[in-house]
Amino acid sequence: MIPVAASARIWIATGHTDMRKGMNGLALLVQEGLGRDPFAGDVFVFRGRAGSLIKALWHDGIGLSLYAKRLDRGRFVWPVTVDGVVALSAAQMSYLLEAIDWRNPQHTWRPQSAG
């Protein structure tokens, strides 16, 4: 799990994001596109067009951190809103990272075997 403070707010950037962006590009997107401070300690989560890759950006007080997760199969559940951000709780964020529908917690897919 991501070591995020309990007081940190978690925001999903709705729509899709260019997943070629790194820390600086996503921080600029948070600042200019979402109108929020990327260095305030909040977590910002982005999803690519295909839906199988997410990136989470947060500042822990020392520096920026970037977490990326790609699903082998399936898609991350994302809000249908086109622009803006949606707030999540820490529990919903845990569901999201486990590829469980955070609106209705159920596993979306689990591998049956390794080969």
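The legends below describe close-up views of a predicted model.

**View 1. The buried side of helix α1.** Helix α1 spans residues 23-33, and its buried residues are Leu26, Ala27 and Val30. These residues lie on the same side of α1 because they cover an arc of only 105° around the axis. An α-helix has 3.6 residues a turn, so residues three or four places apart point the same way. The strands that the buried residues of α1 pack against are β2 (43-47), β3 (53-59) and β4 (64-70).

**View 2. The other side of helix α1 and its end.** Exposed residues on the other side of α1 are Asn24, Glu32 and Gly33. Just after α1, a positive phi of about 70° is found at glycine 35.

**View 3. The open sheet.** Five strands, in the order β4-β3-β2-β1-β5, make up an open sheet with mixed pairing. β4 and β5 (85-88) are the edge strands, each pairing on one side only. On average, neighbouring strands of this sheet are turned by 25° against each other, direction ignored.

**View 4. The pairing of β2 with β3.** The strands β2 and β3 run antiparallel and are joined by five bridges. Valine 45 has alanine 56 of β3 as its bridge partner.

**View 5. Helix α2 on the sheet.** Helix α2 (residues 90-97) packs on the sheet and touches β1 (10-13), β2, β3, β4 and β5. The direction of α2 makes about 105° with that of β5.

**View 6. Arginine 36 and tryptophan 11.** Arginine 36 lies over the face of tryptophan 11, at 4.0 Å from the ring centre. With ring centres required to lie within 6.5 Å for a pair, the count of aromatic pairs is zero.

Notes: Residues numbered from 1 in each chain as written. Predicted model: local features only at pLDDT ≥ 70, side-chain atom pairs only at ≥ 80, totals over all residues. Heavy atoms only, no water. Buried < 20%, exposed > 50% of the residue type's maximum accessible area, 1.4 Å probe, protein only. Helix = DSSP H or I, 4+ residues; strand = E, 2+ residues; numbered from the N terminus. Arc of directions from axis to C-beta. Contact = heavy atoms within 4.5 Å. Phe/Tyr/Trp six-rings, centres within 6.5 Å; stacked < 30°, edge-to-face > 60°. Lys NZ or Arg CZ within 6 Å of the ring centre and 35° of its normal. Pairing = 2+ DSSP bridges. Axes fitted to C-alpha atoms, helices over the stretch in contact; angles between N-to-C directions.
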